[in-house]
Amino acid sequence: MKKDWYRNAIFYELNVRAFRDSNGDGKGDIPGVIEKLDYLKDLGVDCLWLLPMYPSPLKDDGYDIADFMHIHPDFGTVEDFKHLMDEAHKRDMYVVADLVLNHTSDQHYWFQAALKDPTSPYKDYYVWSKTGKEYGDTRIIFLDTEPSNWSFCPEVGEFYWHRFYASQPDLNYDNPAVQEEMLNTMRYWASLGLDGFRADAVPYLFEREGTICENLPETHQYLKKVRRVLDAEFPGRILLAEANQWPDDVREYFGDGDEFNMAFHFPLMPRIFMAMKKGDPTPIRWALDKTPAIPDGCQWCTFLRNHDELTLEMVTPEERDYMWQQYAPDPKMKLNLGIRRRLAPLMDNNIEKMKQANAILFSLPGTPIIYYGDEIGMGDNIDLFDRNGVRTPMQWAADLPNAGFSEASQTYAPVINIAPYSPRHVNVAGQQNDPSSFLNFMKHLVKLRKERPYLAESSIQFLDTTSPATLCVVREAEGQRMIALHNLGDSNAYVTFRADLGFSPKIELLTGTPVNPGLKTIRLAPHQSAWLE
C-alpha cells in the first residue's frame, strides 16, 4: 500500500445490490461488480466503498446484519468477495466496506438466542430495561418511523434499546465480549484483503444516564482500541468515521491521529446546496471557517450525495425549513430530518448546475466521494419506501433489458422509467460516446483533481470578489496555485482580479481553454465555474 493513499483519492460509493446483476436473478451481485471494474478504473476511481453485503433480512438495505461473517446469498459468496479483492487490487484500486458496529438485525443469532433463553450470555450482548424510561435525554433519529428508542420484547418481558429501526437492536459495548466480537469481525474481513472500513453510526456505541448518549468518552476509548488493533495487525488499512455531528465533535474522532484516519464532513454538504440556491457563497465559507484543524495523516471525506437522505441535522431550524422549501416541495421528498433525493433532481436536471456542484466539491479540501449513478445524472423514485428511492438499479445502456442492469423479468427495485431520467435519456453507454456528456466532464474533473494532490490538503483561502454571488477559492502549495471561481447566481458575473494577487493564469482547466496574458477580468455565465491555473 502507498502511504496515505486515501488523502488524494477518489472514492466511489457502490451499492452491490444496485450495480450489476451477473446471474439474472434481478439483484446485483459481487461478480457483477467485478464485470464493471474497468468502467470504474476508467472513471478514475481509486477506492470502492461497498455498502453492506452480509446476510440480512434487508429491512434497512443491509445495515440490519444477521451474520457478520458471511456474504448475503443474493450477492455471492466469500470466494466471490476474495476474487473482487484480487481484481480490484490488480487495477491498483482499494476497497473499503461498512463495519456496522452499533447494532445487529433482530434476526441475528445473538438476539434470537436472547429471546429463546433470557439466561443466555447473548442477552447481555444487547441493552435492556424493565421500564423503557432510561436515557430520556437521547434524541430519536428515525423520527418518521420510531416513536421511541425503546421497544418492548414480549419474549423477554423487557424493553431493548435501538437508535435506529426497532428491528435493529443496539449492541451493549459495556460487555467486553461484544467488544471482542466486533474486533474479530474487523479482523476477518481485513484478513480477506479489505483495505479499510467505513464505520457506521459511531457516535452511539455507549449509553450513559444524564447524557444524550452520543460522543461519550467510552466510545472514543473503544474506537482507539479498534484503531490500535487494525494498525498492529493490518498496517496501512484505514478507518473512516460516519459521525453526523458538528465539526468540533467530529474532530474528536481523529483523536491525536490515533482514532480514525478519515471522517465525513456532514455540515459542508447541505451548505453547498444552500449556497447554490441562494446565489451566495456565505454558507460554504461558514462551513469551512468552522472546520477545525485535524492531525497530520488524517483527512476529511466530502460528498454531495450518498445512500441516505440529504441530512439536515447539521443546520439550524431556519436553514432546515429553507432547504425543505427549496429542495423538497413535495412532502414525499422529505424523510426524517432530510431530503430523499439524488443529485440530478436536486439540481433540476440542469447539467451546468450539476457540473458546478462537483466543481465546488473538488476544489475544496478533502477526499471526494461519488455516489454510484450520480456521475451520469441518475434520477430517483420518491414513491419507493424510505431511502430506497435513491438506491435504484444502475443504468448502463438504453437498448438492453432493465438498462443493462439485469436480464431478469423483475428486479429488486424498478429501473427509473420516467423522462428525463429513464435509460433512454440517462445511461453510461450513451454518455461514454458523447464528448459533451456529464460522465465525460466527471472523468475530466477527476483527472484534474488527482493530478493536483495539493487540492486535497486542508489549507484554503477565500477571497472577496467584485461579484457577491461568486465563491472565490485559492488553493496553493509549493509553487502551484489555482484559483477556483464559482458563479452561484442566475445572471452573468464579472470578476476582476486585484493587481496585488500577482496572479497570471495560463489556462482554464475545466474547459482546457488558454487564458489571454494579462487577464484582469473574467466573465462567468450563470452557474459556471472556472479553475484558473
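Begin with the open sheet of 3 strands, whose order is β4-β6-β5 and whose pairing is antiparallel. Strands here are DSSP runs of E with at least two residues, helices are runs of H or I with at least four residues, and both are numbered from the N terminus. Two strands count as paired if DSSP finds at least two bridges between them.

The model is predicted: local features need pLDDT of at least 70, side-chain atom pairs count only at pLDDT 80 or more, and totals for chains, interfaces and linings use all residues. Residue numbers run from 1 along each chain as its sequence is written, and side-chain values use heavy atoms, with hydrogens and water left out.

**Stop 1**

Select β4 together with strand β6 (residues 158-161); the two pair in the antiparallel sense over 2 bridges. Tryptophan 128 is found opposite tyrosine 160 of β6. The bridge partner of serine 129 in β6 is phenylalanine 159.

**Stop 2: β11, β12 and β13**

Another open sheet of 3 strands has the order β11-β13-β12, again with antiparallel pairing. Here β11 (310-311) and β12 (334-335) are the edge strands, each pairing on one side only. Select β11 and strand β13 (residues 338-339) to see an antiparallel pairing over 2 bridges. Threonine 311 has glycine 338 in β13 as its bridge partner.

**Stop 3: salt bridges**

How many salt bridges does a search of the whole structure find? The search gives 41. A salt bridge is a side-chain nitrogen of Lys or Arg within 4 Å of a carboxyl oxygen of Asp or Glu.

Select lysine 27 and aspartate 74, whose side chains meet in a salt bridge at 3.6 Å, N to O. Lysine 27 is in the loop between α1 (16-19) and α2 (30-35) and aspartate 74 in the loop between β2 (47-50) and α4 (78-90), so the pair ties together parts that are 47 residues apart in sequence. Lysine 27 has a relative accessible area of 26% and is partly exposed, whereas aspartate 74, at 17%, is buried. In these terms, buried means under 20% relative accessible area, exposed over 50%, and partly exposed in between (1.4 Å probe, protein chains only).

Next, go to helix α7 (residues 217-233), where aspartate 231 and arginine 227 lie 4 residues apart, about one turn of the helix. Their side chains form a salt bridge at 2.9 Å, N to O. Aspartate 231 is partly exposed at 33% relative accessibility, while arginine 227 is buried at 9%.

Then select arginine 341 and aspartate 380, which meet in a salt bridge at 2.7 Å, N to O. This pair links distant parts of the chain, 39 residues apart: arginine 341 is in the loop between β13 and α12 (343-346), and aspartate 380 in the loop between β14 (367-371) and α14 (428-432). Are these two residues, arginine 341 and aspartate 380, buried or exposed? Both are buried.

Finish this stop by selecting Arg17, Asp60, Asp61, Asp308, Glu309, Asp386, Arg387 and Arg391, which a network of salt bridges links.

**Stop 4: a negative patch**

Select Asp248, Asp249, Glu252 and Asp256 on the surface, where they form a patch of negative charge. Patch residues have over 30% relative accessible area and no salt bridge, with like charges joined within 9 Å. Asp and Glu count as negative, and the place of a charge is CG of Asp or CD of Glu. Aspartate 248 belongs to helix α8 (residues 247-251) and, at 53% relative accessibility, is exposed.

Key:
Patch = residues over 30% accessible without salt bridge, like charges linked within 9 Å, V, L, I, M, F, W, Y side chains within 5 Å. Areas by Shrake-Rupley, 256 points an atom, 1.4 Å probe, with all protein chains shown as cover.
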